[in-house]
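Student: Please take a close look at one part of this model, the nonpolar core and the helices packed around it. I would like one connected account.

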Amino acid sequence: MKTFKIGGIYIEEYKLSAGERTKVITLPQQVVVPLRHYAGKPSIPQVKRGDFVKVGQLIGLADGFVSANVHSPVSGKVAKIDNALDAYGYKYPSVFIDVIGDDWLETIDLTPEVNHTCELTSSEIIKKIAESGIVGLGGATFPTHVKLTIPAGKKAEVLIINGAECEPFLTCDHQLMLEKGEEIIVGVTILMKALNVKKALIGIECNKNDAIINIKKWAKTEEGIEVVPLQTKYPQGCEKQLIEALTGRRVPRGGLPVDVGAVVQNVATTFAVYEAVQKNKPLIERIITVTGKSMSQPGNFWVRIGTPLSHVVEQVGGIPEDTGKIVAGGPMMGRALFSLEVAVAKGTSGLLFIPSTEAYRKKVENCIRCSKCVFACPMGLEPYLLMSLGEKMLWEEMQKNQALDCIECGSCSFICPSHRPLLDYIKNGKVAINNIKINSNN
Amino acid sequence: MNVILISVLSLGGIGALSALILYFVAQKFQIFEDPRIDEVEAVLPAANCGGCGYPGCRAFATACVKAESLDNLVCPVGGAPVMEKVASILGKAATTITPTIAVVRCGGSCEYRPRVNIYDGVKTCAIVHQLYQGETLCSWGCLGFGDCVTACTFDAIHINPQTLLPEVDEEKCTSCGLCVKACPRNIIELRQKGPKSRRIYVNCVNQDKGAVNKKVCTVACIGCSKCQQVCNYDAITIANNLAYIDDEKCKLCRKCVDVCPTNSIVEINFPPRKTKTETSSNISITEQ
C-alpha cells in the first residue's frame, strides 16, 4: 500500500466516533462569527448593528486576494460588531448575531437531489468559490480560490483529494465520505473542471475501509477519478506528504504543490465546493467530531460556523467528569482551549476531551541522542538540533538548518522518549526567523 | 672546538636574521591603535551587557574615541560618573544623563488577575506569547515565566512568588535594557528614576476597552481619562484606552494617583500620606 517515504509515525487511532451518523446541533441563542478564519486579512464587515440578516447573507467581504468572504450562518439581528476571543486567546473582529428563526436566502437550493451537471467555465467556478467564502477545511483554512488560481508559468496536472484524516480521534471527513460520497465526487469533477485537469486522485487511509468502498462506488460513475488506499501513517494528511504518497513526487524545499503539478483539496472542502457551485450555498456550516476516551457518546455533528463551543458541549451532553483538558482539533495538531466561550471557526474540525490523567505533560528529561525524532520527522529535519539551537536563540543557525520547512506535525515531540518539548522550540524559532525576515525587508 | 663555533655562529646568524625580518615586518604592518581606547575601556564597568548598543565594552570604547562628540554614547550601567571619566580622558564634553530604571508596567498579581488555566508547556514567555494569551484572561499583561529574569546579567530582576510578577531591584538595576528586549509583551519600560527614586507611572499596558479588561483584572487601566483631566502639567496622554505618563513632564504631584478608580497608577518611594487634609501640603513639598 502506498505511503510517503521519509519519517512518519504510527499512532493508536482511537477513532471512537467512526460510523456515528451525523446529527445536527440546534441553533444557539447567539452566534459569534469571526471575520478572520485564516492567516490572511480579516474581512470587512458588510452589516451594522441592528441589521436583520438571513442565512447565507454576506456579512464580511474579502479584503484583498488572500482573504475570504464570510456569510451569516443564521438568520437574525446583528447585535454588535466587536472583538471576540479566538482559540488563541487573542481578540479579532467578529460579528455577533442574535438568532431569530431560521430564514434562508431564496437563492439557496435546499432540495436534497444531487445535481450532476455543471455548465460553468473554469474561471466562473473559481469566482463562485471565492464568492462563497470557501477555505480549506482541513485545518489550515487557506482560501480555496487562491489555491485554485494557478500562478503564471505553472501547470496543474493532477487534482489530489485529501481523505487521509491521519489525526487520531477525528472522524468528520470519514463520516462525510460515508454520507455524501456522491456529492463529493461531483465536487471533484467541478474542481477538475476549474483546474482544467483530466486526472484526480483521492487518497484515503486504509483504516477507513467503508469510506474507500463508498467513494470507489461513486468514482466509477465519472472518468479520470481514482481512489487510492493509503497506509495508516501520521502525518499523511499533510499536503506535501500526501502528494509524495500518491504521486511519488516531492515538493521542492520552500515550493508549492503546484511546482510538481499537483493541487490538493480536502474532502470537506470538496463537498463545500459542490454545495457552493451546484446549490448556491456558501460555507456556513461544517462537521465537527466531538470525542474523547471518557465520553459516553462520541459523535459527528453538523454545526453552524460561529456557534459557541459551550453550546456544542451542552448539546452533546456536557463535559465528562474527569476531563482535564479540552482540545479544539485533533490531539496532534489541535490546540488546548482556555475557555469554551470560543466560537466554531471554519477550521475547527473537532472537540476532544482529554481525561485529567493524560492532560499534563510528562517530566522533561535530558536528550539521550536516540535520534528517534530524526527518523520520525517527515520533512527530514533534525528536531533535537533545532531545539537546542532554539534554546540558545540562535535563529540564524536554525534557519540554516531549515527550521522553516517544519510542518508542525508534532511527530518529534510525540516520539521523544525524554518528553522533550521539541516542537515548542521549533515553532518559536520559526516565528523569530519570520520576524527577522520581515524586519530586514523593511 | 670547530663544531661549537659553527653551531654558535649559524644559530646566532639565523637568530639575527629572523630578528631583522621581524623588525621590518612589524614596521611595515604596524596597526596604530589609539592608546586612549585602553584607557577608556579601563574605566568602563566591563559588564559587556550590550546596553549601550555596542557588542561589549571594548567596542563602546572604540566608538567613544572615534566619535566627534559623546552625544549619543551613553553607558547605562556606569551612568553619569563613568561618562564623566570617559569625557575627561577624551577631552570631550560629557552628556548629561538622567538616571533611568527598568519599570515593570503590570500590576496583575494573582489577587487582582486570577489564573484561569494551567500552562504546563515550556516555561518561557516567548513561547507562551506566540502560543496563546497566557494563564490569565489578559492578553496584554505579564505572563510571569521570567524571560526578563533570564536576560538580566546584573541579577536585578526577580519574580515575586507571591504576586508572580517581576520586581526590579533598584540598587542593582543599571537600566541596560536587556529585560526590555526580552519581554515579548513590551511591558518593561526604562523610565526616569526620579528625584529620591520617586516616580509615578501607569502600572498597566492593557489596550482593551474598559468594560472588557475590568472583567479580567481589577487593577487594569480602563482609559477613563480622569488622570488626564486632573493633571496640571499635560503629562498624561490617553491612547488606545490606555493612559501613559510622560516622565519628562511629570512633576510627581500625585493627583492622578488619587483619582485613578482602578488604582492602576502607582507611586514608588513616596513617604506615606498621613491624612487627607495634609496631602495638599505634601504636594507642595514634592514639587520643589
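Tutor: Beyond its neighbours within four places in sequence, I160(A) is in contact with L201(A), G203(A), L242(A), I243(A), L246(A), A262(A), V263(A) and V264(A). The model is predicted. I160(A) is listed with L159(A) and I215(A) as having the most contacts inside the largest nonpolar core, a set of 193 residues. The element of chain A that gives the most to this core is helix α4, residues 181–195, with nine residues.

Helix α4(A) also meets helix α5 of chain A, residues 209–219: their axes come within 9 Å and cross at roughly 55 degrees. At that angle α4(A) is oblique to α5(A), and the crossing is right-handed. On the α4(A) side the contact is made by G181(A), E182(A), I184(A) and I185(A). The α5(A) side supplies N214(A), I215(A), K217(A), W218(A) and A219(A). By class, the residues of this contact are five nonpolar, two polar and two charged.

Another helix of chain A with buried residues is α11, residues 383–391, where P383(A), Y384(A), L386(A), M387(A), L389(A) and G390(A) are buried. Their cover includes α10 (372–376), α12 (395–400), α13 (411–415) and α14 (422–441) of chain A. Just after α11(A), M393(A) takes a positive phi of about 60 degrees.

R369(A) is exposed, since 8 other C-beta atoms lie within 10 Å. S371(A) is exposed as well, with 12 other C-beta atoms within 10 Å, and the cut-off for exposed is 12 or fewer.

A backbone feature of another kind is the cis peptide bond from Y234(A) to P235(A), with omega near -5 degrees. P235(A) is found in the loop between β11 (225–230) and α6 (239–247) of chain A.

Notes
Residues are numbered from 1 along each chain as its sequence is written. Chains are lettered from A and ligands numbered from 1 in the order in which they are written. This is a predicted model: local features need pLDDT of at least 70, side-chain atom pairs count only at pLDDT 80 or more; totals for chains, interfaces and linings use all residues. A nonpolar core is a set of buried Ala, Val, Leu, Ile, Met, Phe, Trp, Tyr and Cys residues joined through C-beta atoms within 7 Å. A residue is buried if 20 or more other C-beta atoms lie within 10 Å of its own, exposed if 12 or fewer, and partly exposed in between; C-beta atoms are placed from the backbone. Helices (H or I, at least four residues) and strands (E, at least two) are DSSP runs, numbered from the N terminus. Two residues are in contact if their C-beta atoms, placed from the backbone, lie within 7 Å. Axes are lines fitted to C-alpha atoms, for helices over the stretch in contact, and angles run from 0 to 180 degrees between N-to-C directions. Angles under 35 degrees count as roughly parallel, over 145 as roughly antiparallel, 65 to 115 as roughly perpendicular and the rest as oblique. A crossing is left-handed if the near helix is turned anticlockwise from the far one by less than a right angle, and right-handed if clockwise. Ala, Val, Leu, Ile, Met, Phe, Trp, Tyr, Cys and Pro count as nonpolar, Asp, Glu, Lys and Arg as charged, and the others, Gly among them, as polar.
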